[in-house]
Amino acid sequence: MAMPIHQETTTFHLNDKRLFRSFAYIDGKWTANGKGHTLPVTDPATGDWIGDVANLNSAESSAAVDAAHKSFDSWAGLLPQQRAAILRRWFELVTEHREDLAQIMTLEQGKPISESRGEVDYGASFVEFYSEEAKRPNVEGVTSHLADAEVEIWLEPVGVAALITPWNFPSAMVTRKAAAALAAGCTVVVHPSGETPFSCLALAELAERAGMPAGVFNVVTGEPAIVVQPWMDDPRVRAISFTGSTEIGKLLYRQSANTIKRMVLELGGHAPFLVFADCDLDLAVEEAVKAKFATSGQDCLGANRFLVEWPVYQEFCERFAARTCELAVGPGYSDPDIGPLMNRNAVDKQKSHVADALAAGATLLCGGKQHAAGPLFYEPTVLCDVPETAKVMHEETFGPVAAIASFDTEEDAMRRANDTEYGLVAYVHTRDPRRIYRASRCLRFGMVAINRTKVTGAPIPFGGMKQSGLGREGARMGMADFMDVKYVCRDWA
């Protein structure tokens with residue numbers, strides 16, 4: 001069956017053209033590379049050039065740390081209510097400019113415009129949440145164990161925080177990190193992905209309008225190896241928050257050792273999606289489509305392995321493949337189900353995983369090749385009878401390829417689900433309350449979703465186990481890695 005194609009129906013248009021910024025933002029100033037060096041940014045749907053951003057050098061990147069360090073004492077010294085008011089105004093401006101921010105995101109990232117609007121809302125929710133949490137970073141009191149001594153515990157911001165964000169969620173990953181750090185009293189330097197920098201720069205424009213003091217929120221664009229390395233070596237940078245591949249996360253972890261930085265790492269995922277025979281199969285199929293194909297499959301929460309109990313295996317495969325074949329593919333402005341992938345490497349990985357699975361004995365039910373919409377489009381693909389030896393069963397695909405295999409017992413399903421170096425999220429569909437409890441306990445993942453796909457949000461601690469990362473983002477815990485505990489013992493006698 002041919003995949004439906006959505007044609008481009010909307011052209012890029014901004015109500016507020018000042019949101020489309022090309023320069024880095026350092027110490028309250030829009031900053032170019034001293035020699036005029038820039039990096040091009042292209043539309044993944046068409047390959048067309050959409051703009052250049054400043055390609056800063058290492059000295060200019062270090063200048064951002066200078067600015068953040070200089071501003072730290074005054075920002076940390078504000079009353080929490082004052083920081084909260086600025087964050088609240090930032091949230092209001094992000095919400096007010098929702099459509100422009102979504103347009104920018106779809107232009108540079110390619111995701112369907114409805115998903116971009118949803119991401120802007122999701123990203124704004126973190127700014128709102130932390131504008132409220134800024135006023136209450138309370139700690140538990142301690143009764144003194146020493147005669148004539150008064151004991152107190154304080155929470156203090158760690159200092160300058162460096163935030164390194166990915167291309168798949170170019171707005172929400174900035175706000176989730178930055179709002180928590182700023183609420184804690186830290187100043188920040190942000191390095192957005194060179195493939196999607198304009199969303200972050202638009203947020204900097206709105207932060208400035210919200211009254212963020214100069215040097216508190218800095219955005220440094222350029223080559224990651226050049227921009228980030230000075231931060232890893234600089235002892236004034238006390239925390240690193242990174243979202244991206246496990247490979248790069250390990251590299252940053254090693255580089256942080258010399259200066260003993262606080263690390264928050266949100267890394268790769270390889271989510272299992274378990275379907276038991278007693279589940280609501282209608283619900284399981286619909287949620288499986290959401291779990292696999294949101295953000296065109298380019299999501300660390302995306303389901304990678306579908307493990308289905310044998311009595312419903314055939315029916316699930318047929319229904320899931322039929323739903324997948326109905327998904328429309330096209331440029332993001334036409335609001336399809338599947339947009340372009342980010343780059344050629346992503347397309348090549350889909351091709352490699354599909355070819356390897358077929359060679360290993362898997363059966364192709366749907367898709368399986370590059371889509372006619374353009375060089376960065378790949379057909380949403382379903383493979384069944386995929387053996388455990390196939391790459392797709394133990395490597396993160398990060399694209400619109402679903403691999404399905406059967407299982408016979410609950411114990412086998414749990415073993416195979418846990419048989420991965422990753423541990424970000426797992427999905428389970430069953431009606432049995434005892435199995436729900438057993439699975440929730442047994443699965444070695446930081447998040448477990450039962451009979452649903454959407455689980456994330458500002459109030460929850462997002463993060464994984466094993467090689468999916470360290471620390472948590474969101475919730476009150478999201479501020480913890482940006483704060484030091486100070487114990488004070490005073491003798492009043």
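Which backbone atom lies 2.9 Å from a polar atom of the side chain of Ser-468? The backbone nitrogen of Gly-423 does. Such a polar contact is a pair of N or O atoms within 3.5 Å; within protein, one must be able to donate a hydrogen and the other to accept it, and residues adjacent in sequence count only if both atoms are side-chain atoms.

A word on the basis. The model is predicted, so local features need pLDDT of at least 70 and side-chain atom pairs pLDDT 80 or more, while totals for chains, interfaces and linings use all residues. Residues are numbered from 1 along each chain as its sequence is written, and side-chain values use heavy atoms, without hydrogens and water.

Ser-468 sits in the loop between β19 (465-466) and β20 (469-470). Helices (H or I, at least four residues) and strands (E, at least two) are DSSP runs, numbered from the N terminus. Ser-468 has 0% relative accessibility and therefore counts as buried (under 20% relative accessible area, with exposed over 50% and partly exposed in between; 1.4 Å probe, protein chains only). Beyond four places in sequence, Ser-468 is in contact (heavy atoms within 4.5 Å) with residues including Leu-265, Gly-268, Glu-421 and Tyr-422.

Next, Trp-90. This residue belongs to helix α2 (residues 80-96). Trp-90 is buried too, at 0% relative accessibility. A polar atom of its side chain lies 3.2 Å from the backbone oxygen of Leu-203. Leu-203 is also one of the residues that Trp-90 touches beyond four places in sequence; among the others are Val-127, Ala-178, Met-212 and Phe-217. Trp-90 and Gly-211 are 121 residues apart along the chain, yet their C-alpha atoms are separated by 8.3 Å.

Pro-44 lies in the loop between β3 (38-42) and β4 (49-54). Its relative accessible area is 5%, so Pro-44 is buried. Its contacts beyond four places in sequence include Leu-107, Gly-110, Pro-340 and Leu-376. The C-alpha atoms of Pro-44 and Leu-107 are 8.0 Å apart.

Now the helix pair. Helix α3 (residues 98-109) packs with helix α4 (residues 113-133) at an angle of about 125°, and their axes are 8 Å apart. That angle makes α3 oblique to α4. The contact draws on residues including Leu-101, Ala-102 and Met-105 of α3 and Ile-113, Arg-117 and Val-120 of α4.

Note on methods
Axes are lines fitted to C-alpha atoms, for helices over the stretch in contact, and angles run from 0 to 180 degrees between N-to-C directions. Angles under 35 degrees count as roughly parallel, over 145 as roughly antiparallel, 65 to 115 as roughly perpendicular and the rest as oblique.
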